[in-house]
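Take a look at the sequence and the model below.

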Amino acid sequence: MKMSLEGDKVILVPYMKEHVQRYHEWMQDPDLLQATGSEPLTLEQEYDMHLSWTHDTKKHTFIILDKQALIGNFVHGEPHVEAMVGDVNIYMNDLDDPQMAEIEIMIAEPKSRGKGLGKEAVLMMMAFAVKNLNIQSFRVKIGESNSASLNLFRNLGFEVTVHSEIFKEVTLELPVKNNKCISTV
């Protein structure tokens, strides 16, 4: 699905080739690599990853645009690289439960953190997944030291289901109730 989603603070646009350079720059930050559990990639590898993500029907990735950072009006289908602040993803890779999606959020721009952009992006992605992909529950896996992400998801109603001492990671889940993730979706 090649659609954009618009909220009060953010616009979610499909991950486009034009976004890869900026995304790659973000992923050179050791703190972001640690927070996202990612390995550093070359720019060429990042372009290859972009292609694989955009062709995988079990993954949906949107780039988060800060509406206040847009230059001019939003035009659907344009990348609006100037307003990029992060990304939000869902992965439907649970073979035992095809209606479960793992969700991830990254606000890569430090100046954009703490403004509610991540919360809005997560809620929009969850609503998209329930409506368009028939997702009935969500899961997140977060490093135990990532207090900002843990607080975000706990405040959205996610509950801890697993705490892995070995991986230093917390798994939280949220079932969809009455076709709603939480009352604000």
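**The inside of the protein**

In this predicted model, the largest nonpolar core has 37 residues, and those that touch the most other members are Leu12, Ile64, Ile103, Ile105, Phe138, Phe153 and Phe158. Eight elements give at least two residues each to this core: strands S2 (10-14), S3 (59-66), S4 (84-91), S5 (100-107), S6 (137-143) and S8 (169-175), along with helices H4 (117-133) and H5 (147-155). Helix H4 provides the largest share, eleven residues.

The elements named here belong to a longer series. How many helices and strands does the protein have? It has five helices and eight strands. Read from the N terminus, their order is β-β-α-α-α-β-β-β-α-β-α-β-β. The radius of gyration is 16 Å, close to the 16 Å that the globule rule gives for 185 residues, so the protein is as compact as a globular protein of that length. Along the principal axes, the C-alpha atoms fill a box of roughly 40 × 35 × 30 Å.

Contacts can be sorted by how far apart the partners are in the sequence. Among contacts with a separation of 6 or more, 63% are between residues 24 or more positions apart.

Is Ile11 buried or exposed? A residue counts as buried when its relative accessible area is under 20%; the value for Ile11 is 1%, so Ile11 is buried. Leaving aside residues up to four places away in sequence, Ile11 touches Ser4, Leu5, Glu6, Ile63, Ile64, Leu65, Lys67, Leu70 and Phe74. Gln28, by contrast, is 17 residues from Ile11 in sequence, and their C-alpha atoms are 24 Å apart in space.

Now to the protein as a whole and its surface. Of the 185 residues, 47% count as buried. The accessible surface comes to about 10,200 Å², and carbon and sulfur atoms account for 51% of that area. As for charge, the protein carries 18 positive and 27 negative side chains. The centres of these two sets are 6 Å apart.

Technical notes:
Residues are numbered from 1 along each chain as its sequence is written. This is a predicted model: local features need pLDDT of at least 70, side-chain atom pairs count only at pLDDT 80 or more; totals for chains, interfaces and linings use all residues. Side-chain values use heavy atoms; hydrogens and water are left out. Helices (H or I, at least four residues) and strands (E, at least two) are DSSP runs, numbered from the N terminus. The radius of gyration is taken over C-alpha atoms; the globule rule is 2.2 Å times the number of residues to the power 0.38. Buried means under 20% relative accessible area, exposed over 50%, partly exposed in between (1.4 Å probe, protein chains only). Contact means heavy atoms within 4.5 Å. Accessible areas come from the Shrake-Rupley method with a 1.4 Å probe; for residues, only the protein chains shown count as cover. Lys and Arg count as positive and Asp and Glu as negative; His and the chain ends are not counted. The place of a charge is taken as NZ of Lys, CZ of Arg, CG of Asp or CD of Glu. A nonpolar core is a set of buried Ala, Val, Leu, Ile, Met, Phe, Trp, Tyr and Cys residues joined through side-chain atoms within 4.5 Å.
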